[in-house]
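Trainee: Hi, could you walk me through this structure? I have a few quick questions.
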Amino acid sequence: MPASCGSTAVAVKRPASEPDETAGVPPAKVLKQQNGSAVAVPNDNQATNGAHGASTNSTNVANGSNGTKARMTVEEIMELRRKHIGPNVPVFFPEEPLHIVRGRGQYFYDDKGNQILDCINNVCHVGHCHPHVVARAQKQMAELETNSRYLHEEIVRYAQRLTSYMPGDLSVVYFCCTGSEANELAARLARAYSGGRHMIAVDAAYHGHTQLLIDISSYKHNHPGYAPGRGEHASVVSMPCTYRGKYRDPATAGEQYAAGVKDAIEEVKKKGEQVAAFFCEGLMSCGGQTVLPEGYLKNVYNCPEEVVPLVAQPGRVHGGSVAG
C-alpha cells in the first residue's frame with residue numbers, strides 16, 4: 001500500500017503538442033547553508049528576466065501599484081508566524097529566511113526574483129506547478145468536488161490506471177489526502193487482517209504524525225519533545241545501511257539485515273503478541289537517503305506467514321518523492 005508522508009503527484013506524460021517549458025532555462029542559483037544562513041550563489045543568468053515563469057516586476061508587486069495586494073516584508077511575515085503559527089513548526093535558515101513566492105519545475109523563486117535550485121523541499125516527481133497537473137486540477141475543481149460515495153467516471157479510471165502499474169493481485173486502491181492518513185489506514189488494515197497489534201519499523205524512519213505512526217517512527221519518538229517515546233506495541237530494527245551500518249558488504253547485507261527483522265518477530269512472539277505489519281520506506285529518507293541493500297525486502301517477505309503484511313511506503317525524500 002504505497003503512501004508517502006511528503007508531497008506526492010501523479011507522473012503525467014506531457015502530450016506531444018505541449019511545449020517543454022523547461023527548455024533553455026538558465027542554470028539555477030544553488031542554495032547553500034553556512035552557519036544557519038541561506039546563501040544564493042550567483043550565476044550569470046538572473047531569473048529576473050522572466051525565465052521559467054518568474055515574476056519580472058517585483059517592485060510593482062511589492063508596492064501594489066499594479067492592482068495586486070502589497071507583498072509583506074520578511075519581518076512582517078515572521079511577526080505573524082510567531083503570533084499565529086505554532087513554534088514547533090520551524091523556518092529553514094532562521095537567520096536569513098527565504099521568502100519564496102512561487103515554484104516552477106525544480107526551482108524556487110524568492111521575492112527578489114532569484115531563481116533557486118530546490119534540493120531540500122519535498123518536490124513532486126514532476127516538479128513544482130507542472131502546467132499539465134495544474135490544468136487538470138483546475139478543470140476538476142471547476143466541475144465537481146465531493147466525496148467518493150457517488151458514481152463518477154474519473155475515480156474509477158484513475159484507480160484502473162494506477163493499478164495497471166502494480167504487480168500481481170494488487171488491484172484495490174484507497175485514496176487518501178495525506179501520507180499520514182494512508183499509513184494509518186495501512187496499519188489498521190494490517191491489524192484487521194493479522195489479528196495482531198504489534199508493528200515493526202526501521203530505525204530513523206518517519207511514517208507520519210498520527211499517534212500510532214509516531215509510536216513506530218523513531219525519527220519522531222526519539223526526539224526529546226515526544227514523550228513517552230516508542231509505543232508499547234512497536235519494535236525498531238536496524239537501518240539497513242551499507243555505508244555506516246553493521247553490515248557493509250552489498251552482496252550479503254540484504255539477507256543479514258533481514259535476519260534482524262526475523263529476530264524481532266521472534267522476540268514479539270515470545271511476549272505472547274502477534275506482529276501485524278512491518279513498515280519500511282522504499283528509500284530511507286529521513287535516515288539519510290539510504291538505498292536498501294539488494295534482497296532486503298525480498299528476504300523480509302520470506303518471514304513467517306503470520307507477518308505477511310508489509311507496508312512499503314514511498315520515501316519522503318528531500319529532493320523528490322520516491323516510489324515504493
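Trainee: Is Gln115 buried or exposed?
Mentor: This is a predicted model, and in it Gln115 counts as buried because its relative accessibility is 1%, which falls under the 20% cut-off.
Trainee: Thanks! Where does Gln115 sit, and which side chain does its own side chain make a polar contact with?
Mentor: Gln115 belongs to strand E5, residues 115–117. Its side chain makes a polar contact with the side chain of Tyr109, at 3.0 Å.
Trainee: New topic: which residues touch the most other members in the largest nonpolar core?
Mentor: That core has 21 residues, and the ones touching the most other members are Ile200, Val202, Val237, Val261, Phe278, Tyr296 and Val300.
Trainee: And which helix or strand gives the most to this core?
Mentor: Helix H8 does, with seven residues. At least two residues each come from strand E6 (198–202), helix H8 (253–270), strand E8 (275–281) and helix H9 (296–301).
Trainee: What does Tyr296 touch, leaving out residues up to four places away in sequence?
Mentor: Its contacts include Val202, Val237, Tyr257, Val261 and Phe278, as well as Pro240 and Cys280. Apart from this core lies another one of 11 residues, among them Ala187, Ala201, Leu212 and Ile216.
Trainee: Where is Phe175 found, and what is its relative accessible area?
Mentor: Phe175 lies in the loop between helix H4 (153–163) and helix H5 (179–194). Its relative accessible area is 37%, so Phe175 is partly exposed.

Note on methods:
Residues numbered from 1 in each chain as written. Predicted model: local features only at pLDDT ≥ 70, side-chain atom pairs only at ≥ 80, totals over all residues. Heavy atoms only, no water. Core = buried A, V, L, I, M, F, W, Y, C linked by side-chain atoms within 4.5 Å. Buried < 20%, exposed > 50% of the residue type's maximum accessible area, 1.4 Å probe, protein only. Helix = DSSP H or I, 4+ residues; strand = E, 2+ residues; numbered from the N terminus. Contact = heavy atoms within 4.5 Å. Polar contact = N/O pair within 3.5 Å; in protein donor to acceptor, adjacent residues only side chain to side chain.
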